[in-house]
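This report looks at pairs of oppositely charged side chains. The sequence and structure come first.

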Amino acid sequence: MTELYRPEAFEPLTDTPWDERRVRDEIRAVVADTDGALRGPKLLWRAHGWDRWHSTSPQKNLYAGAAGVLWALDQLRRREHAETTLDLPDLALRNLELFRAKPDYIKGWSTLPEPRDSSLLLGEAGILLVTWRLAPSDDVAGDLHARVRANVDNDAVEVMWGSPGTLIAAQAMHEWTPDERWRQAWNETAEALLARRDNDGLWTSRLYGDEFKSLTPPHGVVGIVQALVPLLDEERATQLRRETADLLAAHVVRADGIANWPTRPGRELTGPDGEIRVQWCAGSPGIVIGAADYLDEELLLAGAELPWHTGPKNLDKGPGICHGTAGNGYAFLKAFARTGDERWLDRARKFAVHALEQVQRLPRRYTLWTGQLGVALYAADCLDARSEYPFFDYV
C-alpha cells in the first residue's frame, strides 16, 4: 500500500462522548482563561516559544498573535457562545500601536517578501483589518487601503504574505462598508493576480529565498482560488474552479479509498524532513477544506477519510486549526456540508472533544491558528453544524 501518512504523528481518539453542555462550558472556559491571561495593554499575552521563534513576545499579528485572539473573542461574542470581559476595541488599537513600535518579524531573515507590512497573517494588514472591525475609523481604513494597494505585485503569491491575502481584506471591507474604493482595490489586485497565473493553472511564488509552486491553502493554488472566486464574475469563477479541480485530481495520491496530496505538485508526499503532512496547511485536510465547493465529490470524501483513518494529531502538533486536530476536523465539517451525511458531523464533533482535551493537556497557547482560540471556534462550529474556515471562508 502507498504510504499516505506516518502513524507516529497521530494518537488514539478519545473515548469521551460528545456532550453539548460540556462543550459549551469548555468554550466559555477558554474565553475566561484567555481574559485572565492578559498581562496588560502593553504586555498582552505571553507568546509560546514556537510562536515567537526568533521573534518577540508578545506577538501582535493575526496568525499567532493578539490580533487573532481579539478577532476570535469577538467572533465568539457575536455568535453568542461566550462573552469576554475585555475591552476589545481598546486592545485592538493598543495592539496596532505596539506592532508599529516593535513588529513581530523573524529576526535575521533578510528574505521576507516586500512589502512585508502588507501581509494579512504576519504583517500590519491583518492587524489593521481586525482593528477596523473592532474600532473603525477613517485613519485605520486609509492605512489598510494603502497596504492592500501596495501588495499587488508582492513576489510571494500566496495568502500568508502576498496579494491573495490582501484580496481577503479588501473583500471584507467591501462587505462591511459602502466605500467603492474597496471593490476597486479588489479588482486591481485580482486582475494582476490572474495575469500572473502560469499556463499549468498554478502560480509561482518567491518566498524565503525559494521559488516554488504549491497546492496548499496558505501558500498555494487552493488558497489563491478561495480568495479570488467570491467576487470574480461567474464565468471566470466557474472556469477557475473547474480547472483547479482538474489540477487537484491530477496530483492526488490514492490508496485503499483514502487520498492525500503533496505540498508541491510533482513532488513525493514525503517532505525533506521525512514527514508526510496531514493537516490544514499541507495535505488532504487543507485541500478538502479549501476546495470543498468544487473538488470532485469522490476525491473530497477520500481526502476527508484520511484524517479519520489516521486519528487526531499528537501533542507535537497539538489541537490547533493550522496543523492540529481541530484543523483536520474542519475537513469533516466540509464533507458534512457537501453531502448532508450526519456521519461526518459526528466525526467532527468527536475531534472537537479530543481537541478540547488536548488544550487541557498542553501549556496554554493564546493564538488563533496554533492555539486554543482556534479550537474554541472549531468547537462552536461543531455545535452550530457550520463549516466555514476562519478568514479563508469568512472574516
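## Terms and model

A residue is called partly exposed when its relative accessible area lies between the limits for buried, under 20%, and exposed, over 50%. The model is predicted. Side chains of opposite charge can pair when their charged atoms come close. The structure holds 38 salt bridges.

## A pair within helix H1

Asp25 has a relative accessibility of 40% and so counts as partly exposed. Its salt-bridge partner is Arg28, at 2.6 Å from N to O. Arg28 is likewise partly exposed, with a relative accessible area of 40%. Both residues belong to helix H1 (residues 20-37), where a spacing of three residues separates them by about one helical turn.

## From helix H1 to a loop

Asp33 forms a salt bridge with Arg364, with an N to O distance of 3.3 Å. Asp33 lies in helix H1 and Arg364 in the loop between helix H13 (342-361) and helix H14 (372-384), so this pair ties together parts 331 residues apart in sequence.

Asp33 is partly exposed, at 26% relative accessible area. Arg364 is partly exposed as well, at 32%.

## A pair between two loops

Glu275 and Lys317 meet through their side chains in a salt bridge of 2.7 Å, N to O. Glu275 sits in the loop between strand S4 (258-260) and helix H10 (284-291), while Lys317 sits in the loop between helix H11 (297-310) and helix H12 (325-339); the pair links distant parts of the chain, 42 residues apart.

## A network

Salt bridges also link Arg79, Asp381, Asp384, Arg386 and Glu388 in a network.

Terms used
Residues numbered from 1 in each chain as written. Predicted model: local features only at pLDDT ≥ 70, side-chain atom pairs only at ≥ 80, totals over all residues. Heavy atoms only, no water. Salt bridge = Lys/Arg side-chain N within 4 Å of Asp/Glu carboxyl O. Helix = DSSP H or I, 4+ residues; strand = E, 2+ residues; numbered from the N terminus. Buried < 20%, exposed > 50% of the residue type's maximum accessible area, 1.4 Å probe, protein only.
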